[in-house]
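Q: I am new to this structure and would like a close, careful look at a single part, followed by its wider setting. Could you take me through it step by step?

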Amino acid sequence: MTLMMVFSLAGGCYASSEGPKTWISLGRCNGKRQSPINIILSEVSHNPSLGPVSLVGYENSKELREIKNTGKTVDVHLGDGLHLGGFGLPARYTAKSFHLHWGDGVFQPGSEHQIDGKRYSMELHIVHTKNNMNMSDAVKDPKGIAVLAFFVEGSEKAQSKTADAWESFAKNLKKVSKKGEDEDLDSSVSLLDLMGSTDLARYYRYPGSLTTPGCDEAVVWTIFAEPIQVPPKVVKKFSSELSSTDSSKGPQLKNNFRPVQKTGDRKVEASDALKDHLSSAAFLVSPPVVFILFLSITTFVPFLSV
Ligand SMILES: *[C@@H]1O[C@H](CO)[C@@H](O)[C@H](O)[C@H]1NC(C)=O
Ligand SMILES: [Zn+2]
């Protein structure tokens, strides 16, 4: 009992025997191009050839076929009609599924990626494979998988159309409250509805991995800069209505994000449309950095003179 409480405080849904710290021996989890990462804006390089991502079929709500509680996340199986293309992607990619990562309500955010150390409430991952390969083939190709990642932020300022879409989608959660349960979807909501007014021209791009074992290093990541704003009560539903076991009284499925991994010598690129955003971020970031340098110099001087 005490142990369980300690672990649930420390790691949410990940039980002691399977948490991210124990993944080192699994698959590629100890590799050099792992995900997620913290994106540090002052180290991102602007790539003018990264134009808007192009999406085909994402407006079709009928492509959302089935929802399942896997015990680790809630996964939606998609039909084969959603395609992704665009700059820096060597082929056409087909969307296979989407799922989310979250923390515990809006006050304990649970996105996987971070921007300058900021974590958002949740993160939506749309998983695609190159030329519609199956996942077992895709993980063997360094660019076999393309994930579109959207930050999701609980906010009272959510636009009503986006709020309605997420509220409608979240109604399905209680139908799959236990691990292993699945349900056919007769969805009136499309992925485009869930994406809201996200600007598809503004994103970061880097080479990484799956964020669960075997952590295969096969993913081209596209992380949109602006979060989708959804009502706080929708965020709360994810961490309160799902169980991580086959008992409805089991531990709640929450905090299902992997800690950030080392970026190493990988280059994180910003799309063309983010050019101004990067330079204004650099401007905003630099005064505190100068101030900290100033502080550390003034605190070191007495030591040097001793
Ligand atoms: C994946 O596709 C390849 C090639 O089409 C096939 O040989 C393999 O059996 C498939 N694997 C699974 C798990 O379906
Ligand atoms: Zn994910």
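**A loop glycine and its setting**

A: Gly 51 is found in the loop between β2 (45-46) and β3 (54-56), where helices (H or I, at least four residues) and strands (E, at least two) are DSSP runs numbered from the N terminus. This is a predicted model, in which local features need pLDDT of at least 70 and side-chain atom pairs count only at pLDDT 80 or more, while totals for chains, interfaces and linings use all residues. Residues are numbered from 1 along each chain as its sequence is written, chains are lettered from A and ligands numbered from 1 in the order in which they are written, and side-chain values use heavy atoms, with hydrogens and water left out.

Gly 51 counts as buried because its relative accessibility is 12%, buried meaning under 20% relative accessible area, exposed over 50% and partly exposed in between (1.4 Å probe, protein chains only). Leaving aside residues up to four places away in sequence, Gly 51 touches Phe 87 and Tyr 203, contact meaning heavy atoms within 4.5 Å. The C-alpha atoms of Gly 51 and Ala 273 are separated by 7.4 Å, although these residues lie 222 residues apart along the chain.

Turning to the metal site, the zinc ion (ligand 2) is coordinated by His 99 (NE2), His 101 (NE2) and His 125 (ND1), at 2.0 to 2.1 Å; donors are N, O and S atoms within 2.8 Å of the metal (3.2 Å for Na, K and Ca), and water is not among the atoms, so sites may look incomplete. Distant parts of the chain are linked here, with His 99 in strand β7 and His 125 in strand β9, 26 residues apart. His 99 is buried, with a relative accessible area of 14%, and His 125 also counts as buried, at 2% relative accessibility.
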